[in-house]
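Here is a friendly walk through a protein model. Take a look at the picture, and then we will explore it piece by piece.

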2 protein chains.
Amino acid sequence: MEISQPYLLFLGDVHDHLAAKTAQGIVDWRREWCEGQLRLEGCKADCGLPDMGVADARAAGVKTMVVGVVNPGGVLPDHWIATIVEAIEAGMDIATGLHQRLRDVPEIAEAADNAGVKLIDVRHSTQRFATGKGTKRPGKRLLTVGTDCSVGKKYTSLALEKGMRDAGMNADFRATGQTGVFISGRGVSIDAVVADFIAGAAEWLSPANDPDHWDVVEGQGSLFHPSFAGVSLGLLHGAQPDAFVVCHEPTRTKMRNVETPIADIGDVIDMTIAHGRLTNPDITCVGLAINTKALDDDAAKAIISDLGEKYGLPACDPIRTGVAPIVERIKQLG
Amino acid sequence: MEISQPYLLFLGDVHDHLAAKTAQGIVDWRREWCEGQLRLEGCKADCGLPDMGVADARAAGVKTMVVGVVNPGGVLPDHWIATIVEAIEAGMDIATGLHQRLRDVPEIAEAADNAGVKLIDVRHSTQRFATGKGTKRPGKRLLTVGTDCSVGKKYTSLALEKGMRDAGMNADFRATGQTGVFISGRGVSIDAVVADFIAGAAEWLSPANDPDHWDVVEGQGSLFHPSFAGVSLGLLHGAQPDAFVVCHEPTRTKMRNVETPIADIGDVIDMTIAHGRLTNPDITCVGLAINTKALDDDAAKAIISDLGEKYGLPACDPIRTGVAPIVERIKQLG
């Protein structure tokens with residue numbers, strides 16, 4: 001999946017800013033790709049971009065209108081279709097992360113065929129993959145893993161990409177989820193791939209590269225999550241990371257949407273190494289990313305310090321403290 | 001996926017018996033479901049069933065014509081279509097394990113719509129699954145796992161179902177691959193499920209049951225196979241087995257289609273327990289199924305005895321020696 005820049009972010013008429021989380025993520029990490037936002041009457045979200053219509057966006061050189069909002073049920077409301085068709089007729093590709101496929105809306109499919117533009121459903125991969133081969137590829141790779149889903153793996157990966165680039169390293173974020181694909185302009189929703197091809201998709205996502213180049217691969221799920229561990233394991237084998245960072249939310253007691261207790265950081269480290277060795281014998285843990293959003297500053301600093309000491313690893317909160325200690329450890333790997 | 005019995009096995013005009021492996025598997029394990037075989041001119045396969053045409057099969061009460069053959073590329077040859085349409089017009093469902101979908105052949109789709117019969121593409125699941133929940137379900141479960149793909153997990157599972165039933169136990173084979181689905185008349189090609197739903201599909205496959213009922217779940221891949229381990233792990237979490245049997249081919253040095261060395265039996269036992277505990281704390285290994293096809297009788301007996309002693313487990317070759325020692329161990333579990 002490849003998405004052309006620059007973007008116009010379509011926010012529709014969503015009722016709160018949370019519904020525009022995807023669009024906000026794009027603005028946070030790729031402000032330079034965003035020419036503006038398009039809001040319908042009544043829209044309560046605001047990503048702080050210039051408001052513009054389709055004609056202005058086209059004049060500004062926009063190549064893709066990104067539907068950067070979610071609405072209940074993941075379907076496209078009927079009253080958004082006219083604007084999407086207008087953007088198509090102006091020559092823009094359309095990209096969404098909704099469950100409903102753009103091509104399943106007849107007006108959109110017809111307009112796209114007439115205009116010769118791409119309809120990109122990030123949630124539905126049309127890419128064909130090979131099965132994973134397990135062969136070692138040149139270039140270096142880092143994977144974020146977790147003690148649960150939704151503990152900050154995407155944010156940590158993007159913060160590491162930025163931190164490594166700022167430190168003069170050659171690093172690229174590799175997206176495995178919808179928002180990440182919009183942010184990197186390329187990637188695959190790994191959880192939407194057919195099961196046989198999880199590892200193969202991860203290999204495709206992170207191809208051979210220069211020996212000093214780092215792919216920072218966005219992790220998914222957890223090896224200990226009873227719903228999604230298969231995805232996490234296939235991604236680990238396919239990404240064949242040299243280094244990994246464990247992401248953790250210290251106030252959580254149960255995993256997301258299930259009754260399973262949150263995994264132990266030490267178990268995640270051991271299991272990631274045990275499996276990761278299959279495709280990269282040199283795999284090593286380079287840090288802990290602790291999501292301390294639920295804690296005050298003192299409590300946050302205490303737990304970061306405690307966990308770092310307990311496991312003998314650089315520990316930080318990518319949002320509260322930045323990822324410098326982990327970047328330093330990665331540099332030491334050479 | 002549910003397939004109605006009895007079956008007519010369509011063998012087409014394949015060039016050797018190996019191409020009818022699926023049909024032969026059905027005959028081996030469910031002879032009582034098979035009314036006959038339908039062979040076109042030049043067919044070199046023979047499953048030993050009465051040859052019959054569509055009209056005779058219909059008169060015999062056949063409900064489904066199973067295309068039980070593979071041909072290179074997995075597509076349906078044009079000259080098979082007329083017979084398939086004839087069966088549809090006689091009111092039979094059609095089931096295949098080919099890559100090509102029956103519905104993508106216009107004549108077949110149209111005939112099926114007119115006749116109101118089902119087209120069942122076992123390789124393509126249309127069933128919608130929930131994500132796995134990890135909650136313990138009543139009933140007992142056994143899973144076959146492996147040191148590689150294609151080491152005899154399906155055969156072992158079917159032999160265990162038979163052995164357990166013969167021993168008076170209440171046991172049902174649960175299919176996770178194409179041939180298995182034809183043999184059990186129900187199941188899911190787990191490797192064709194969308195990655196997010198692997199564990200959920202395994203939970204659907206093996207629902208809550210009587211406390212003394214055993215599901216014998218067909219395993220897939222290996223936790224140590226770099227292409228398919230994600231499937232194996234999701235299946236393990238979803239199946240939440242009380243007992244597992246390790247299937248192994250002792251003459252193999254590398255895993256199928258990759259350069260990875262074959263996994264160690266002890267590592268497979270340890271890793272299966274480490275992960276299986278997440279959804280069933282009582283998981284235990286009840287035996288080794290050694291595929292000794294490549295060995296002579298003395299060598300086979302020696303390696304079965306050696307491996308059984310080394311790991312302190314009942315060991316056998318389901319084909320050469322039967323599975324009685326493993327069934328005995330399962331009975332002891334209560």
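How many bridges join β10(B) to strand β11 of chain B? There are 2 bridges between β10(B) and β11 (residues 315–316), and the two strands run parallel.

## Before we start

This is a predicted model, in which local features need pLDDT of at least 70, side-chain atom pairs count only at pLDDT 80 or more, and totals for chains, interfaces and linings use all residues. Residues are numbered from 1 along each chain as its sequence is written, while chains are lettered from A and ligands numbered from 1 in the order in which they are written.

## Around strand β10 of chain B

Helices (H or I, at least four residues) and strands (E, at least two) are DSSP runs, numbered from the N terminus. Two strands pair if DSSP finds at least two bridges between them. Leu288(B) stands opposite Ala315(B) in β11(B). β10(B) also pairs with strand β9 (residues 243–248) of chain B, in the parallel sense and over 6 bridges. Here Cys247(B) has Ala289(B) as its bridge partner.

Strand β10 (residues 284–290) of chain B has 6 of its 7 residues buried, so it is largely enclosed by the rest of the structure. Buried means that 20 or more other C-beta atoms lie within 10 Å of a residue's own (exposed: 12 or fewer; partly exposed: in between), with C-beta atoms placed from the backbone.

## A sheet in chain A

Now turn to chain A, where 5 strands form an open sheet in the order β2-β1-β3-β4-β5, with parallel pairing. At the edges stand β2 (34–39) and β5 (119–121) of chain A, each with a single partner strand, so one side of each is left without a neighbour in the sheet.

Inside this sheet, β3 (residues 64–67) and β4 (residues 93–96) of chain A pair in the parallel sense over 4 bridges. Val67(A) stands opposite Thr96(A) in β4(A).

## Where the chains touch

Two residues are in contact if their C-beta atoms, placed from the backbone, lie within 7 Å. The contact between the chains takes 30 residues from chain A and 30 residues from chain B. On the side of chain A that touches chain B, the elements giving two or more residues are α7 (198–205) and α8 (229–239) of chain A. Of these, α8(A) gives the most, with 6 residues.

Ile198(B) touches residues of both chains, among them Ala195(A), Gly230(A), Ile190(B) and Val231(B).

Notes
Lists of a residue's contacts leave out its neighbours within four places in sequence.
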